[in-house]
Amino acid sequence: MSISTVASILSNPIEYLKGVGPYRAELLNKELQIFHFNDLLNLFPYRHVDRTRINLIRDIQHDTEYIQVAGRIVSVGVMGDKRSRRLVAELKDASGVLELVWFQGINGLQKLVQVGSEFLVYGRVSFFQGSPQITHPEIESLVREASGQATLEPVYPTTEKLKVKGLGGRQLGKLTQTLLGMLKEKDMPENLPESVMAYPDPAGGGTLRHLSRWESYQQIHFPTRPDLYQRALTRLKFEEFFLAQVRLGMIRSKRHRYSQGVVFTQVGEMFNRFYSEYLPFELTGAQKRVLKEIRRDTGSGRQMNRLLQGDVGSGKTMVALLAMLLAIDNGYQACLMAPTEILARQHYEGITALLKEMPVEVRLLTGSSKSRSRKEVLDMAREGKLQILIGTHAILEESVQFSRLGLAIVDEQHRFGVEQRARLWKKAAIPPHVLVMTATPIPRTLAMTAYGDLDYSIMDELPPGRQPISTVHRLDDRRSQVMDFIRHEIGKGRQAYIIFPLIEESEKVDYENLIRGYENIKAWFPEPKYWISRVDGRQKPAERETNMQRFLVNDTQIMVATTVIEVGVNVPNATVMVIESAEKFGLSQLHQLRGRVGRGQEKSFCILLTSPRLNKEARERLNTLCATNNGFKIAEKDLEIRGPGDIGGTRQSGMLNFKLANIVQDRELLELAREMAERILDNDPDLEAAENVGLKHFLQTQHGKTQWSKIS
Ligand code: ADP
Ligand code: MG
């Protein structure tokens, strides 16, 4: 079915809207990225002013956050100079006086804010030397105020520059009103299929029907009733989620249907022999399940793109190894990439040890591989003489070519973007299967959005016999008890980690702390039988390697390190993890660090040391960590504390740029959108049914499409 693409009124340049013109259009382009009518329509008010609700200045309490007052300017003047130059005005109403302060746009404001003029003022209250003030308030002249009929007026985000040029929140509202007045229902055809229009009434009981697009836009900007505003908001949030889910679902479904993948037809000699003779333990149910999923994907004739989410210590490495053996059984090569050199080397050693009785060629390639061995490895990969290549991202370099790469695994790193994956595809005529394994679990809502184009597997089960790690928070003046505790544990033959933060901004100070800490710890353990390793990012790779190696084989009992050992490192004999300045770490990072212990049969401990001065967020992080060992729960909490903007480096991800919806607060709506998108695509994967024509047309023509390349 062909779809006409008649230019819509909404794609008109903003310049042509009545009241805009070329000069203002340029300002709107630059300041708010508004280029077309549609962009203005999608600049949503962040609140509505209820003009009937005006507070008295006297009502301001110490915990008042935002307030709206009305009054007359009784004094105004510029104070301070250079950086402290500011415009200060006093606003007086019947009950008291409030100070208004501006640091920017002073010249323009001076014309507006004059003694005697009356304003409606809104803003965040702060206190300066005991008196209330508002910095950069929103102000509107009361004189020009129309006879107050509209009770809810929209307030738009704007910039100081626009305000000064007469495009403040109020004027933006006028423009939007003009635009909405021009639009007819037919200019905003429905993009939601009929079958998704019904949704559960949040008030309970029955179902409601979404407002039409046209009505939703009218209500979101200029609500006539609070309940209609709510329904408009729900609809537009749902629409955002739904459209994103349909797009992601189409990418997945296209790959399922059309991508060509190498076929692993059989489970053969290597897999079976390893499984029956050398597998050191029984697989967990979750490991078995994930292997089945991988086997199904790789046998399907389509390319696998799977995200394996497993909690710390759930045994992802063994899944990776078995999947690689499956590739070899089918005549293909496999590679395993780790985020750090330490981890790559550890995988290499672990895997060569496990495979030592089997005829499998395994090689290591990292940034510090010597050129001789590097050349040899490259030759072997190209000529098909090696079967498993383990390494850092050095493997992605163009010089690394395989004769028959069938499977690429990325360990402990879910942020492996489409572009990086594409570099892997070029390493073989038919793109290899890709398995990306996470460093820590990610919340379901994030998996559904930022990683929604991948299929995903979950390993939420730890190997049997693991005891939960006891986690406690201690103030750092109790360090001596902590040291005694370490002595007690290493006396029993166990090992301990002590981690120091090393964050870039304060690298020098942190580094000094690390060295001082290391010297102190040496002084705490003077006994000749105890040895200490130190590993940090400033050491040469060889030195780091030696220190790591000594700890791995229990030549050293204590490892003093920075977060270079954060992910993946596996020393099951280690039972104590002490984290210095724990307040400086993020929640997932703490969980990942803690995951270095509790990897064997012995009871393990994690001690979070901090100074007594902690902010609320840090306290919440530490409490969460002490309360649970479950990485999936921790991931949810992390998202809740930090908000969706900044999780796991997904800030760049276009998929999280929802204008109205929020994956934390609106998760139920997201689940609903996901479910409905899947149902639609299951029945009609190319959106060809009559019911889905509006949706398809919208997806093909809408403005401001998501930047797909950013999604990982
Ligand atoms: P992660 O998922 O964090 O990468 P690893 O793959 O490093 O975890 O495994 C953690 C530890 O658990 C390793 O010592 C590994 O040998 C062990 N292990 C993995 N699977 C099992 C299992 N099914 N039974 C017992 N131990 C296991
Ligand atoms: Mg691992």
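Biologist: How many disulfides does the structure hold?

Modeller: The structure, which is a predicted model, holds 0 disulfides.

Biologist: What makes Cys 626 a cysteine in no disulfide?

Modeller: The nearest cysteine sulfur to that of Cys 626 belongs to Cys 606 and is 7.8 Å away. A disulfide needs the two sulfur atoms within 2.5 Å, so Cys 626 is in no disulfide.

Biologist: Why is Cys 335 called buried?

Modeller: Buried means under 20% relative accessible area. Cys 335 has 0% relative accessibility, so Cys 335 counts as buried.

Biologist: And why is Cys 626 called partly exposed?

Modeller: Its relative accessible area is 30%.

Biologist: Where does Glu 26 lie, and why is Glu 26 called partly exposed?

Modeller: Glu 26 lies in helix 1, residues 21-32. The relative accessible area of Glu 26 is 47%; exposed would need over 50% and buried under 20%, so Glu 26 is partly exposed. In sequence, Glu 26 is 11 residues from Glu 15, and their C-alpha atoms are 8.1 Å apart in space.

Biologist: What makes strand 13 and strand 14 a pair?

Modeller: A pair needs at least two bridges between the strands. Strand 13 and strand 14 (residues 388-391) have 4 bridges, in the parallel sense, so they count as paired. Among the bridge partners are Leu 364 and, in strand 14, Ile 390.

Biologist: Which strands form the open sheet, and in what order?

Modeller: The 7 strands run in the order 13-14-12-15-16-11-17, with parallel pairing.

Biologist: Why do strand 13 and strand 17 stand at the edges?

Modeller: Strand 13 (362-365) and strand 17 (455-459) each have a single partner strand, so one side of each has no neighbour in the sheet. On average, neighbouring strands of the sheet are turned by 20° against each other, direction ignored. Helix 9 (residues 285-298) packs on this sheet and touches strand 11 (305-310), strand 16 (433-437) and strand 17, making about 160° with the direction of strand 17.

Biologist: What angle and what axis distance describe the packing of helix 8 and helix 10?

Modeller: Helix 8 (residues 269-278) and helix 10 (residues 316-329) pack at about 145°, and their axes are 7 Å apart. Residues in the contact include Phe 271, Phe 274 and Tyr 275 of helix 8, and Leu 321, Leu 322 and Leu 325 of helix 10.

Biologist: How many residues of each class does that contact of helix 8 with helix 10 have?

Modeller: There are 10 nonpolar, no polar and 2 charged residues.

Notes: Residues numbered from 1 in each chain as written. Chains lettered and ligands numbered in written order. Predicted model: local features only at pLDDT ≥ 70, side-chain atom pairs only at ≥ 80, totals over all residues. Heavy atoms only, no water. Axes fitted to C-alpha atoms, helices over the stretch in contact; angles between N-to-C directions. Helix = DSSP H or I, 4+ residues; strand = E, 2+ residues; numbered from the N terminus. Contact = heavy atoms within 4.5 Å. Nonpolar A, V, L, I, M, F, W, Y, C, P; charged D, E, K, R; others polar. Buried < 20%, exposed > 50% of the residue type's maximum accessible area, 1.4 Å probe, protein only.
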